[in-house]
Each structure stands twice: as C-alpha cells, then as structure tokens.
Amino acid sequence: MDGAGAIRLPGGGVPGHQGTSWEGTLSARDENGAALPASVPVVGPAVRVWRAADGAAVCSFAGDVDLDNVTEADTALQETLAARPTLLVADLEHLGFCDSSGLNLLLKTRMNATAAGIPFRLAAPPQAVTRLLDITGARAVFSLHRSVDEALSAPR
C-alpha cells in the first residue's frame, strides 16, 4: 500500500496471462508483492501494465478512478503511450468506480493516442462506466470491446 492508501499491483504481467488470453484475475498485493486478504479493499486505482507479443500494451485497472487518485491512472496511461505501443487497451473489467475526472482522463488519453497514431480501445467496461459514457455522449468516440482479447484481436 502506498502512502495515499492505494494498493499498487506489482509490475510485470497479469497472473496466468499467456499470449492474449486471460487465466486468473487481478489480485490486490502490497508493495512487496504479498497477496492481501480479500477483506482489504482496493482504494484508488491499482494499475498493472503488460505488453502483448505484437507490441500492444494493456493497462489493467482495479478499484476506483476519481478526482482524489486520477494521477496514478494518468501516469500509467501516459507512460505507456510514451513507450509507443502498436495499440493501447484500457482494461476496465475490475474498475469499481469512475467519475468525471476518470472520464476526462480516458478522453485525454484517446486524444493523445490518436495524435501519436496509436489506436486506443476500452475493454470490458463495467455497467457504471458504460452508463457514464452513454450519459455524456462519450461512447461515440471510443472503441468499446467486451474483453481484452476482443480488443487486442480487432482489426487495427
């Protein structure tokens, strides 16, 4: 857990990830990589970034993205874009909450990715995020996919 109380997932790939298929789920871990009990809530976004064999990058988020902690999510997305992946996917499957600052981050990332010629896709957005995209009209500007696998395999 960092000083702000957010649980950070250690770097590296997603547990059980092989190629472009998912096996297992994200789990909360402390700064030493030790698994935390299920009763410890993920506060703020826990972020894990991994690369697919074809150079695509996936940022997987767990927990909440809101005004109090959007900086961590922003840093992960912008650093990943700076590495010039062939595709950037934001995996939102484990996102618990996203407010307008999180939506603005996704919009900013889409604009930066487009300017850099990097496709940007949202994977597995939960119903609350999909509703936010619908209410604001932002859904029209994003490439939404049911899963990370679908986002990675869709034509570029």
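## Basis of the model

The model is predicted: local features need pLDDT of at least 70, side-chain atom pairs count only at pLDDT 80 or more, and totals for chains, interfaces and linings use all residues. Residues are numbered from 1 along each chain as its sequence is written, and side-chain values use heavy atoms, with hydrogens and water left out.

## Overall architecture

The chain holds four helices and five strands. Their order from the N terminus is β-β-α-β-α-β-α-β-α. Helices (H or I, at least four residues) and strands (E, at least two) are DSSP runs, numbered from the N terminus.

The chain has 156 residues, and 45% of them count as buried. Buried means under 20% relative accessible area, exposed means over 50%, and partly exposed lies in between (1.4 Å probe, protein chains only). The accessible surface of the chain is about 7,700 Å². Carbon and sulfur atoms account for 54% of that surface. Accessible areas come from the Shrake-Rupley method with a 1.4 Å probe; for residues, only the protein chains shown count as cover.

Contact means heavy atoms within 4.5 Å. Take the contacts between residues at least 6 apart in sequence: 67% join residues at least 24 apart.

## Salt bridges

The whole structure contains four salt bridges. The criterion is a side-chain nitrogen of Lys or Arg within 4 Å of a carboxyl oxygen of Asp or Glu.

Another salt bridge links lysine 108 and aspartate 74, at 3.0 Å from N to O. Lysine 108 belongs to helix α2 (residues 100-116) and aspartate 74 to helix α1 (residues 70-82), so the pair ties together parts that are 34 residues apart in sequence. Lysine 108 is partly exposed, at 34% relative accessibility. Glutamate 150 and arginine 146 also form a salt bridge, with an N to O distance of 2.9 Å. Glutamate 150 is partly exposed, with a relative accessible area of 25%. Arginine 146 is exposed, at 73%.

Helix α3 spans residues 127-136, and Val129, Thr130, Leu132 and Leu133 are buried in it. These residues cover an arc of only 155° around the axis, so they sit on the same side of α3. The arc is that of the directions from the helix axis to the C-beta atoms. The buried residues pack against β3 (88-98), α2, β4 (120-123) and β5 (143-145).

The face turned away from the buried side carries Gln127, Ala128, Arg131 and Ile135, which are exposed. Glycine 137 follows α3, and its phi is positive, near 80°.

## The loop between β2 and α1

Aspartate 66 lies in the loop between β2 and α1. Aspartate 66 is buried, with a relative accessible area of 15%. Leaving aside neighbours within four places in sequence, aspartate 66 contacts Phe97, Asp99 and Ser101.

Leucine 67 is in the loop between β2 and α1. Leucine 67 is exposed, at 66% relative accessible area. Beyond its neighbours within four places in sequence, leucine 67 is in contact with Asp99 and Ser101. The C-alpha atoms of leucine 67 and aspartate 99 are 7.3 Å apart, while the two residues are 32 residues apart along the chain.

## The cavity

The whole structure has one cavity of 30 Å³ or more. A cavity is a set of points, on a 1 Å grid over the protein atoms alone, where a 1.4 Å probe fits but cannot get out; lining residues have an atom within 4 Å of a point. Grid points are joined across faces, edges and corners, and a volume is the space filled by probe spheres set on the points.

The largest cavity holds about 60 Å³ of space. Its lining consists of Phe61, Val65, Ala73, Leu77, Leu92, Leu95, Cys98, Gly102, Leu105 and Leu106. The elements giving two or more residues to this lining are β2, α1, β3 and α2.

Notes
1 Å grid on protein atoms, 1.4 Å probe; cavity = no way out; pocket = protein on both sides within 12 Å on 5 of 7 lines; lining within 4 Å.
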